[in-house]
Amino acid sequence: MNQFMLKYKTGIEWLSYILFAVTLFSLAFPWSLTQPLIVAWVVSWLLEFRWLKRPTWHNSLIPQLLLVALLIFEALSLLWNDNTSAILHEVNIHHPILYVLILSLWGVNDKYDADILRVSLIMGCLLSAVFYIGFNYHVTNNQIEEFLRPNTSWNIFDLGEGPVKWIKHRQHYSIVLLMAVAFCPSLYRVIRQRIGWSNIAATSITLIVAVLLITIIFSTSSRIALLLLPIIILIMFFHYGSRYVSKRTIAITTTLVIVIGIAILATHPRMKRLYNDMANIEQGKTENLDYPQDPRWHIWQTVIDNRDSYGLLGIGIGNDIPFLVEKYTEEGFGHEAYQGYSAHNQFMHKWITLGPIAAILLLLAFGLMPFMPRRGYRYTATVTSLVFVASMMTDIPLEFIGALYILYCALILIETEVRSQAS
């Protein structure tokens, strides 16, 4: 019996670890692929029966606790808001944070290897690009109208405006790609230390992979990703490179990254549109034929102009779109009213629907995230916080299940790193 239990324990631990690695691999693909994998992984974790032991507290759990508090606040809004269906939908897509907190409290088994898990995410990103290019080719070659809607690019290498945009939001894709770039040092360690290849081979392969990932990011034309990329590279270099290279090398590399970053940001077409918007931010500005203005500027202006309407508890989950459409019309933003745009800012969205308390809880959760793990082990938490905060400044990713799956997995990855390094 003891021998059977030992084999069961070993087998289920390996299964749990492999399923989580495959889940991370799937994050770069459409979320419908991730969904069954993440369910299977949670079931495998439950079958380990780790929850029969005492839980362990880490300060890195504080951001998760704040997100749970936000979830509770969303549920309590049933007491003062009559849009029951919208609230239940919101709670339904956000309630997995409870599972994440439970999983983090009881931790994962010793088989989990943070470096291998990060490499799994990197490999998923590389193969996803092949998949999406093939998808674009299939759609354009066969002229599948479902994915060739107006304003869809016919360039098969366009992973932002090509047909692939209808199965993978470029911002959600960019979140995973940026994390993959940040995790490239793990790829080097695996090749150098686990496989045992030479330093030259490990460095060459890592650089090739990094260049491919950066190329994929450029193919999405995500402005947030383009803005964050130099910052991510500098954070990665200072975190890992400062241990092995001279200050002179650090200074030269930093200068090169900044110069190249500025050059790219100054010449990229989508960045030019952003600069045009900033130069013509006044209300009522008509669209420029060469650089049509992004509606976000009018959206944010409308949100701020009507700040007195939200009160302490907001106008209620599900009531924001009708409210904003009415205000767009009043302020003369017909395009925004016709499209029925949301706030396109996660913090503003929470402010409108649930008031300042919810917005503060969200801000604290991600603002504290980089500082909660003990010093020296904050890298993954810092990258996760930076990428999500930047994404939330221009959109509402936490209202989409695809982005939420990425966040949930990232939080578990943070705990995996914290616990493995602490042990």
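1. Let's start with helix α17, whose buried residues are Ala 358, Ala 359, Leu 361, Leu 362, Ala 365 and Phe 366. Those residues cover an arc of only 160° around the axis, so they sit on the same side of α17. Here "buried" means under 20% relative accessible area, "exposed" means over 50%, and "partly exposed" is in between (1.4 Å probe, protein chains only); the arc is that of the directions from the helix axis to the C-beta atoms. Helices (H or I, at least four residues) and strands (E, at least two) are DSSP runs, numbered from the N terminus.

2. A word on the source: this is a predicted model, where local features need pLDDT of at least 70 and side-chain atom pairs count only at pLDDT 80 or more, while totals for chains, interfaces and linings use all residues. Residues are numbered from 1 along each chain as its sequence is written, and side-chain values use heavy atoms, with hydrogens and water left out.

3. Now the overall picture. The chain has 19 helices and zero strands, and 52% of its 423 residues count as buried. Among contacts (heavy atoms within 4.5 Å) with a separation of 6 or more, 72% are between residues 24 or more positions apart.

4. Back to α17 for its length: the 13 residues of this helix (residues 356–368) should span 18 Å at 1.5 Å a residue, and the end C-alpha atoms are 18 Å apart, which agrees. The expected span is 1.5 Å times one less than the number of residues.

5. Helix α16 (residues 346–354) is worth a look too. Thr 353 lies in this helix and is buried, with a relative accessible area of 2%. Leaving aside neighbours within four places in sequence, Thr 353 is in contact with Leu 313, Gly 314, Ile 315, Gly 316, Ile 317 and Asp 320.

6. Which residue's side chain meets that of Lys 350 in a salt bridge? The partner is Glu 74, at 2.6 Å, N to O. A salt bridge is a side-chain nitrogen of Lys or Arg within 4 Å of a carboxyl oxygen of Asp or Glu, and the structure holds 13 of them. The Lys 350–Glu 74 pair links distant parts of the chain, helix α16 and helix α3 (residues 62–76), 276 residues apart. Lys 350 and Glu 74 are both buried.

7. Compare Asp 115 and Arg 194, a salt bridge with the closest N and O atoms 4.0 Å apart. Asp 115 is in helix α6 (residues 114–142) and Arg 194 in helix α8 (residues 184–195), so this pair ties together parts 79 residues apart in sequence. Asp 115 is buried at 11% relative accessible area, whereas Arg 194 is partly exposed at 44%.

8. Lys 327 and Glu 330 also form a salt bridge, with 3.6 Å between the closest N and O atoms. Being three residues apart in helix α14 (residues 320–330), they are separated by about one helical turn. Lys 327 counts as buried at 14% relative accessibility, but Glu 330 counts as exposed at 53%.

9. Finally, helix α2 (residues 31–46) holds Val 43 and also Ser 44. Val 43 is partly exposed, with a relative accessible area of 41%, while Ser 44 is buried, with 2%. Leaving aside neighbours within four places in sequence, Ser 44 is in contact with Ile 12, Leu 15, Ser 16 and Leu 19.
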